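Please consult the sequence and the coordinates alongside the text.

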Amino acid sequence: MERMEQRSSFERLTLPHLDAAFNLAFWLVRSDADAEDIVQDAYVRAFRGFHGFAGTDARPWLLAIVRNAAYRWLSNRRRSANVVSLDEAFGGPGNEPAEAQIVSEDPTPEAQLLGAVDRGLVRSAIAELSPIFREVIVLREIEGLAYREISRVTGAPIGTVMSRLARGRRELRKALGRMMDQDKPHAV
Amino acid sequence: MQCDRARELIGAYIDAELGGDDRASVASHVESCAVCTRLAGDIRRTSTVIAGLGRKNAPVVLASKIRSRLDAEGREQVDRPRMPWRMPSSVWRQAAALAACCMLSVLVTWGVVTSSDRADGLQQEIVTAHIRSLLQDSPIQVASSDAHSVKPWFAGRVDFAPEVKDLTAEGFPLVGGRLDYVDHRRVGVLVYRRRLHIVNVFMWRARAAEDAAPMLAKRNGHNLLSWTKDGVIYWAVSDLDGGELKRLQSLL
């Protein structure tokens, strides 16, 4: 009985954050199938440790576990030397079919104004960042987390979150500028 | 405020994450500096563009996949069939009570007699785990001298949040953490260094909540110090002398 209550309160607290969990895992490993595995694994782990969770906001707690699972997956992939993913081998995220159909909400009027920037370019630019910068960008810009929450997810102090975000944004602007320059002959 | 400093802070300023003084000085600087005004605009635009990508939403089936994984998890843990059980007659009940008393007394006696053996066994297990960790290439799975990357690593791996402190300044630099298996359970281990000595600190959740004062023991030339604090049992083991282990305990 107690178990059932625990199970239902676990689902009530964590399942609303399933999209956030998947989005973070996807951006860290950049594959639908792997992100699915990672999120399942993370939920099982979260459930095992659920009695240790005392807070009310499960999102940062859950995302921290998802992040751990994703990093574990990344380091396993690096360790198995004979498996090299295509985008690592060619150094470019541009040839990733998995990223082609990112679901998104309806664009705001402002985003439509800025629609000149190709979504594909933006995604490639984010993908080019190394994971520790990519995750703060995703958590801040897409998930809208406060710095304090990002700090709980990544385990980095708030000052570090701030400087990683500043650097991630700087690199992103540079990459976007470069890509748009390359793209100009076609775009105009 | 200098441009260099302002550039670092503009992002946090836009995110409304800056406190009083910083916020005011970034605001006044941006107003007076054309370069920084343009930078602020760029940051805002880039943010909008990224936010416009939206989330990559989870596939619809993922929630039900997770539910069935959790079902399987539940079955593993509660794997005893529930048999309907009828109340036996009073004679049987008395016999059962008597048998239970005998059983209890045997268990208590056995418990008293063997508890010292068990404590011995645990010490031996911990020393063995310590030595095994030193035989391997590395005693750690997550390397860091930064407590902030070791602590979250344990989230979801052990059923408590360990107290992780980097004690470099006190002469015990944190090397990292790992998982181990002691006393039939998965335990967290923090690895500290003292000069050339490695200290393994094993940790697991205590059943009882009260703290226990540190106790020193010696085994195979190793010193072991055990204590309980805030519901977590700690066992520190090393070839350091007992006094230095006590110092580490007082810092943790």
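## Helix packing in chain A

In chain A, N23(A), L24(A), W27(A) and L28(A) of helix 2 meet P131(A), R134(A), E135(A), V138(A) and I142(A) of helix 8. By class, the residues of this contact between helix 2 of chain A and helix 8 of chain A are six nonpolar, one polar and two charged. Here Ala, Val, Leu, Ile, Met, Phe, Trp, Tyr, Cys and Pro count as nonpolar, Asp, Glu, Lys and Arg as charged, and the others, Gly among them, as polar. Two residues are in contact if their C-beta atoms, placed from the backbone, lie within 7 Å. Helices (H or I, at least four residues) and strands (E, at least two) are DSSP runs, numbered from the N terminus.

The model is predicted: local features need pLDDT of at least 70 and side-chain atom pairs count only at pLDDT 80 or more, while totals for chains, interfaces and linings use all residues. Residues are numbered from 1 along each chain as its sequence is written, and chains are lettered from A and ligands numbered from 1 in the order in which they are written.

Two packed helices are described by the angle between their axes and the distance between the axes. Axes are lines fitted to C-alpha atoms, for helices over the stretch in contact, and angles run from 0 to 180 degrees between N-to-C directions. Helix 2 (residues 18-29) and helix 8 (residues 131-142) of chain A pack at about 150°, with axes 10 Å apart. Helix 2 of chain A and helix 8 of chain A are therefore roughly antiparallel; angles under 35 degrees count as roughly parallel, over 145 as roughly antiparallel, 65 to 115 as roughly perpendicular and the rest as oblique.

Helix 2 of chain A also gives the most residues, nine, to the largest nonpolar core, which has 90 residues. Such a core is a set of buried Ala, Val, Leu, Ile, Met, Phe, Trp, Tyr and Cys residues joined through C-beta atoms within 7 Å. The residues with the most contacts inside this core are A21(A), A25(A), V39(A) and V66(A). Not counting residues up to four places away in sequence, A25(A) touches A35(A), I38(A), V39(A), V66(A) and A70(A).

## The two chains

A residue is buried if 20 or more other C-beta atoms lie within 10 Å of its own, exposed if 12 or fewer, and partly exposed in between, with C-beta atoms placed from the backbone.

| Chain | Helices and strands | Buried residues |
|---|---|---|
| Chain B | seven helices, seven strands | 27% of 252 residues |

Between the chains, 40 residues of chain B are in contact with 51 residues of chain A. Helix 3 of chain B gives the most to the side of chain B that touches chain A, with 11 residues. That side of chain B divides into 18 nonpolar, 11 polar and 11 charged residues.

## Helices 1 and 2 of chain B

The axes of helix 1 and helix 2 of chain B come within 10 Å and cross at roughly 110°, which makes helix 1 of chain B roughly perpendicular to helix 2 of chain B. In this pair, A6(B), L9(B), I10(B) and Y13(B) of helix 1 meet D22(B), R23(B), V26(B), H29(B) and V30(B) of helix 2. D22(B) is partly exposed, with 16 other C-beta atoms within 10 Å. The C-alpha atoms of D22(B) and I10(B) are separated by 9.9 Å.
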